[in-house]
Amino acid sequence: MLKQVSMMKRHPDLTMEAFVERYETHHARLGEALFAKAKRFLRRYVQPQTNPLTGETTELDFDVVMEIWWASRADFEDAMAALASNPEAVAQASESGRTLFASASNPAFTVIERDSDMGTDWAAIEAGGSAR
């Protein structure tokens, strides 16, 4: 399993609420269509917290962490190649992103996860169940 991660900042003209609404109702639908072979497509909208030591709330460099799980690196690479060879899809996603994100230069990377057994069944929780 391979996870692709990207962190994006909302366009300065958008409130957080408008950003989430637009991302979920339009841009995410493009992602679902473009990456239909993905195993999971998740957006995590961040909420800056007040630092208990300083009392300050710092604006983050990103407002959403987007994660896409792929069955293999080959599936990931195939999806990226298919996207790159589809100028219409690239233009559509770029146009949507132009008014959604602060920049087209959004950090993207893949991660390899290692999970410590802390006695919680996270897969069950994420699937709507309860912890052990």
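Two rings of Phe, Tyr or Trp count as an aromatic pair if their centres lie within 6.5 Å. The structure above is a predicted model, and by that rule it has seven aromatic pairs.

Let me take one of them. A pair of aromatic rings is described by the distance of the centres and the angle of the planes. For Phe19 and Tyr45, the centres are 6.1 Å apart and the planes stand at 85°. Planes over 60 degrees apart count as edge-to-face, so Phe19 and Tyr45 form an edge-to-face pair.

Where do Phe19 and Tyr45 sit in the chain? Phe19 belongs to helix H1, which covers residues 16–34, and Tyr45 is in strand E2, residues 40–45. The two are 26 residues apart, and the pair links distant parts of the chain.

Is Phe19 buried or exposed? Phe19 has a relative accessible area of 0%, so it is buried. Tyr45, at 24%, counts as partly exposed. The cut-off for buried is under 20%, which is why the two partners get separate labels.

This pair also belongs to a cluster. Ring pairs link Phe19 and Tyr45 with Tyr23 and Phe101.

Next, charges over rings. Arg40 lies over the face of Trp69, 4.7 Å from the ring centre. Arg43 has its charged end over the ring of Phe41, at 4.4 Å from the centre of that ring.

Rolling a probe the size of a water molecule over the atoms shows where empty space is left. The largest pocket has a volume of about 690 Å³. It is lined by 25 residues, and those closest to its centre are Met8, His27, Ala93, Phe101 and Asn106. Phe101 is also a member of the ring cluster I mentioned. Strands E1 (2–8) and E3 (64–70) each give two or more residues to this lining, as do H1, helix H2 (73–84) and helix H3 (87–100).

The second largest pocket has a volume of about 230 Å³. Of its 17 lining residues, Glu113, Asp115, Trp122, Ala123 and Glu126 are the closest to the centre. E2, E3 and helix H4 (122–126) supply at least two lining residues each, and H4 gives the most, with three.

Which classes of residue line the two pockets? The largest pocket has 16 nonpolar, eight polar and one charged residues in its lining. For the second largest pocket, the lining has four nonpolar, three polar and 10 charged residues.

Conventions: Residues are numbered from 1 along each chain as its sequence is written. This is a predicted model: local features need pLDDT of at least 70, side-chain atom pairs count only at pLDDT 80 or more; totals for chains, interfaces and linings use all residues. Side-chain values use heavy atoms; hydrogens and water are left out. Rings of Phe, Tyr and Trp (its six-membered ring) pair if their centres lie within 6.5 Å; planes under 30 degrees apart count as stacked, over 60 as edge-to-face and the rest as tilted. Helices (H or I, at least four residues) and strands (E, at least two) are DSSP runs, numbered from the N terminus. Buried means under 20% relative accessible area, exposed over 50%, partly exposed in between (1.4 Å probe, protein chains only). A charge sits over a ring if NZ of Lys or CZ of Arg is within 6 Å of the ring centre and within 35 degrees of the ring normal. On a 1 Å grid over the protein atoms alone, a cavity is a set of points where a 1.4 Å probe fits but cannot get out, and a pocket is an open set with protein on both sides within 12 Å along at least five of seven lines; lining residues have an atom within 4 Å of a point. Grid points are joined across faces, edges and corners, and a volume is the space filled by probe spheres set on the points. Ala, Val, Leu, Ile, Met, Phe, Trp, Tyr, Cys and Pro count as nonpolar, Asp, Glu, Lys and Arg as charged, and the others, Gly among them, as polar.
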